[in-house]
Amino acid sequence: QATPITIYLGDSAAIDDNLYVLVRGVASADAVYLVPGYLKTSLQRALTFWRSKRLFEFAASQVEKLSIQNRSGVSLLSKKGTDWMLADKFLADNQAVDTYLTGLQYMNVLEYLGEDKVRERAKLKIPAKPTYVVGIKLVGLSTELRLDVFDVVVDKQPHLYAMLSDKPFIFELEHVHSDKLSKKPDSFRVRTLLSQQAKTVVTKLDVEFKGNQKLTIERADNRAEHVLARLAAARVAEFKSIGQLPKNADLISHWKAFDSGNSILLDLELYSTKSGLYGKIAGKELVLLESGSGAAIPKRPAELTSK
């Protein structure tokens with residue numbers, strides 16, 4: 001059986017900022033060494049300093065459902081095959097979801113506040129309703145892991161107190177994490193009008209320009225690639241409600257993209273306004289396009305070119 005090694009810290013030495021230490025258990029006789037004084041500071045730590053600060057042990061690939069509740073509403077994300085869906089309605093941006101989950105994995109405890117979250121919660125006067133709630137459902141597990149976070153002010157300083165559903169302790173997070181916890185549902189939306197995958201299966205484009213100028217562009221037409229590239233490059237800056245279309249918006253074009261089965265892959269009305277270029281998708285949703293990203297979409301027949 002291995003002999004334990006014990007180190008005793010002694011007085012400060014007269015030379016520089018050094019410290020005497022007694023080491024027992026290394027050899028047959030005790031040994032005294034002179035070590036840098038900062039060793040004392042390193043050892044004068046509370047037990048919680050040496051405790052693991054990692055909150056979560058899961059891998060992003062293990063998560064099948066994710067919910068985020070905050071002042072902006074509730075984001076409900078679920079995995080369908082290899083894709084993430086938002087509220088079972090919108091296709092989510094896989095990269096945005098994976099980045100968020102990776103961020104959760106590296107969210108560490110700033111300080112442990114107590115081992116009994118019920119007792120410590122009352123002592124810290126934490127309100128009943130959390131500011132943020134994150135729910136995580138892992139593949140193969142029936143119960144959801146829940147993180148409750150409370151954004152409180154103590155002595156005029158903001159603090160993030162938190163509790164995990166499967167742990168008895170209460171802890172504090174760095175307040176910088178409030179940005180991550182404040183994500184809006186739209187933060188996870190796909191920001192492209194036409195995905196690269198959809199672009200590859202488009203067989204026909206119908207377009208109506210201002211002045212009732214209608215055209216059909218078959219995929220074999222050299223102009224098709226030119227137009228599809230510009231539609232796929234356009235990105236959404238902000239999702240709006242239908243009623244937010246500015247007054248005096250000018251409808252400049254209406255695009256429809258079809259696949260071989262004549263299913264509509266894109267139904268887009270483009271509007272020019274003083275505040276930017278807006279798109280109405282399938283007549284149900286309004287988006288404001290990023291500045292410049294939708295400008296290359298042809299606005300008149302003369303701009304339909306294969307060059």
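Mentor: Arginine 51 is partly exposed, because its relative accessibility is 27%. On that scale, buried is under 20% relative accessible area, exposed is over 50%, and partly exposed is what falls in between, using a 1.4 Å probe and protein chains only. Before we go on: this is a predicted model, where local features need pLDDT of at least 70 and side-chain atom pairs count only at pLDDT 80 or more, while totals for chains, interfaces and linings use all residues. Residues are numbered from 1 along each chain as its sequence is written, and side-chain values use heavy atoms, leaving out hydrogens and water.

Arginine 51 sits in the loop between helix 1 (38–43) and strand 4 (63–70) and glutamate 115 in the loop between strand 8 (109–114) and helix 3, so the bridge ties together parts 64 residues apart in sequence. Here a salt bridge is a side-chain nitrogen of Lys or Arg within 4 Å of a carboxyl oxygen of Asp or Glu, and helices (H or I, at least four residues) and strands (E, at least two) are DSSP runs numbered from the N terminus. Glutamate 115 counts as partly exposed too, because its relative accessibility is 44%.

The test for that is NZ of Lys or CZ of Arg within 6 Å of the ring centre and within 35 degrees of the ring normal. Rings of Phe, Tyr and Trp (its six-membered ring) pair if their centres lie within 6.5 Å; planes under 30 degrees apart are stacked, over 60 edge-to-face, and the rest tilted.

How many aromatic pairs does the structure hold? Five. In one of them, tyrosine 100 and phenylalanine 188 have ring centres 5.5 Å apart and planes at 80 degrees, so the pair is edge-to-face. That pair links distant parts of the chain, 88 residues apart: tyrosine 100 is in helix 2 (residues 94–105), and phenylalanine 188 is in the loop between helix 4 (178–181) and helix 5. Both tyrosine 100 and phenylalanine 188 are buried.

Now look at arginine 189. Its charge lies over the face of phenylalanine 239, at 3.9 Å from the ring centre. Arginine 189 also forms a salt bridge with glutamate 285, where the closest N and O atoms are 3.0 Å apart. This is another link between distant parts of the chain, 96 residues apart, with arginine 189 in the loop between helix 4 and helix 5 and glutamate 285 in strand 19 (residues 285–289). Arginine 189 and glutamate 285 are both buried.

The salt-bridge count comes to 15. Among them is the bridge from lysine 240 to glutamate 238, whose closest N and O atoms are 3.3 Å apart. Glutamate 238 is partly exposed, because its relative accessibility is 37%. Salt bridges with shared partners also join Asp116, Arg119, Glu120 and Lys123 into one network.

Two backbone spots deserve a quick check. Lysine 125 has a positive phi of about 55 degrees although it isn't a glycine. Lysine 125 lies in the loop between helix 3 (117–123) and strand 9 (132–138), and it counts as exposed because its relative accessible area is 74%. Asparagine 262, also not a glycine, has a positive phi of about 70 degrees and is found in the loop between strand 16 and strand 17. For context, most residues other than glycine have a negative phi.

Last stop, the loop between strand 15 (236–240) and strand 16, which holds proline 246. Proline 246 is partly exposed because its relative accessibility is 24%. Leaving aside its neighbours within four places in sequence, proline 246 is in contact (heavy atoms within 4.5 Å) with Thr273, Ser275 and Tyr278. Asparagine 248 lies in the loop between strand 15 and strand 16 as well, and it is exposed because its relative accessible area is 78%.
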